[in-house]
Amino acid sequence: MSPDLPDMHRHQHDHRAVPSDPALRVKALESLLVEKGLVDRAALDALVDAYENKIGPRNGARVVARAWSDPAYKQRLLSDADAAIAEMGYGGFQGEHMVVVENLAKVHNLVVCTLCSCYPWAVLGLPPVWYKSAPYRSRAVIDPRGVLREFGLELPVDAEVRVWDSTAEVRYLVLPERPAGTEAMNEEELAALVTRDAMVGARKVSVLKARSAG
Amino acid sequence: MNGIHDMGGMHGMGPIVEEKNEPVFHEGWEGRIFAMNLAMGAWRKWNLDASRHSRELIPPAEYLRMSYYEKWIAGLIALMVKAGLVRGDEIESGTAAVGSTKAVPAVNPQQALARIATGLPAKRNVDLPARFKVGQRVRTRNVHPLGHTRLPRYARGRFGTINRDHGVFVFPDTNAHFLGEQPQRVYSVCFAARELWGAQAGEKDSVYVDLWDDYLEPA
């Protein structure tokens, strides 16, 4: 389709011209783009810093903890996720159009993107390698129970598994079940229990696990 | 296109490998190429759909071999060369060609951060009537376009039920090829797992796929 790709791959194998080590290739590319005035190094620094230090799964965890603590907020989150998430100060790139799906005693939700690796960056940050990997992308839709078993979650036969394939620009966040024994916890303590994997639907939230993980 | 990227339902890809305490970027270059992709998008020479498609065009064997961010290197270079922002010989030499024009100004840090804070909404405020109602039975078209599409192979020619109407969005099949946004409605369509995978699937299980009007016909 594109005449550029074959060219690019020819260049990739020409070791005299272009180093095959991605670190060297990216360094050379950055220098070229800076030289041509196409990127500002400080803008790249700012973007890396934003995703390394500011936009991550703690955002989503705070949303979940609020929903567990405040029934009215939970209703808003399930009916209009964009507005409810914006109330917490989150939103933006790869989180423009959000839907939150709720796990119940007999309903378990799992999020995947079989076609690329779409993921709700605005509330979970950038996805882990396993989410982007061929094994997860290929199997989550055909064998979700097998995938969940690999994460240590054995679902009962009478439970319903709902897999959400992120094929459009809607991004999904799982609202996990609030674990028993957390009745006395405040929002901050609850947020500390909520893991990234639970918000993708790969795990449940566990009080014990969070404590042992420290 | 029926490419290697369309992985839903494939076998043989191996176990899911988790990494404890995984960093956001494993090496510095991953963050740099990630940020370059975002920053270069601000030139508006392409769109999100075109950038996804440029990664889909990586030949299958290479696609499987490459890491996620290696695909972002390949995809970005292909987009930039095609858009005329850089030339193949400049990529090769690592320096700007003699006499090439210098673009000004690139997005600064404040603009880059504002861009991710605002996002790039794909929803369009266009009043289009809904072809399908929530609860309606539909069948996906059995189509195999050569270009970009977001209708996965495993969900073609299958019966499902409209679960939710997401509103009107940019249509990737045209937008990726710079043929216009041609906005249309997107629905969450619920497929019984057994409709997709047969009796081996859980009786109560289902797969929800977000699909555009053009992918659907009444059942």
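This is a predicted model: local features need pLDDT of at least 70, side-chain atom pairs count only at pLDDT 80 or more; totals for chains, interfaces and linings use all residues.
I will start with the contact between the two chains. On the side of chain A, 87 residues take part, and they touch 102 residues of chain B. Put together, the chains bury about 8300 Å² between them, and 64% of that lies on carbon and sulfur atoms. Which three residues of chain A supply more of its buried area than any other three? They are A:K36, A:L115 and A:I142, and they supply 8% of the area that chain A buries against chain B.

Next, the polar side of the interface. There are 33 residue pairs in polar contact between chain A and chain B. Several elements of chain A give two or more residues to this surface, among them helix 1 (4-12), helix 2 (22-35), helix 3 (41-54) and strand 3 (160-165). Sorted by class, the side of chain A that touches chain B has 49 nonpolar, 24 charged and 14 polar residues. As for salt bridges, six are found across the interface. One to look up is between the side chains of A:E30 and B:R32, at 2.8 Å from N to O.

How many strands form it, and in what order? Seven strands form an open sheet, and the order is 2(A)-3(A)-4(B)-3(B)-2(B)-1(B)-5(B), with mixed pairing. At the edges stand strand 2 (107-112) of chain A and strand 5 (216-218) of chain B; each has a single partner strand, so one side of each is left without a neighbour in the sheet. On average, neighbouring strands here are turned by 35° against each other, direction ignored.

Where do the chains join within the sheet? Strand 3 of chain A pairs with strand 4 (residues 206-212) of chain B, in the parallel sense, over four bridges.

Strand 2 (residues 159-169) and strand 1 (residues 137-140) of chain B run antiparallel and are joined by three bridges. There, B:F159 is the bridge partner of B:R139. Strand 2 of chain B also runs antiparallel to strand 3 (residues 184-192) of chain B, with seven bridges joining them. In that pairing, B:V168 stands opposite B:R185.

That is the end of the talk.

Definitions and conventions
Residues are numbered from 1 along each chain as its sequence is written. Chains are lettered from A and ligands numbered from 1 in the order in which they are written. Side-chain values use heavy atoms; hydrogens and water are left out. Contact means heavy atoms within 4.5 Å. Buried area is the accessible area (1.4 Å probe) that two parts lose on being put together, summed over both. A salt bridge is a side-chain nitrogen of Lys or Arg within 4 Å of a carboxyl oxygen of Asp or Glu. A polar contact is a pair of N or O atoms within 3.5 Å; within protein, one must be able to donate a hydrogen and the other to accept it, and residues adjacent in sequence count only if both atoms are side-chain atoms. Ala, Val, Leu, Ile, Met, Phe, Trp, Tyr, Cys and Pro count as nonpolar, Asp, Glu, Lys and Arg as charged, and the others, Gly among them, as polar. Two strands pair if DSSP finds at least two bridges between them. Axes are lines fitted to C-alpha atoms, for helices over the stretch in contact, and angles run from 0 to 180 degrees between N-to-C directions.
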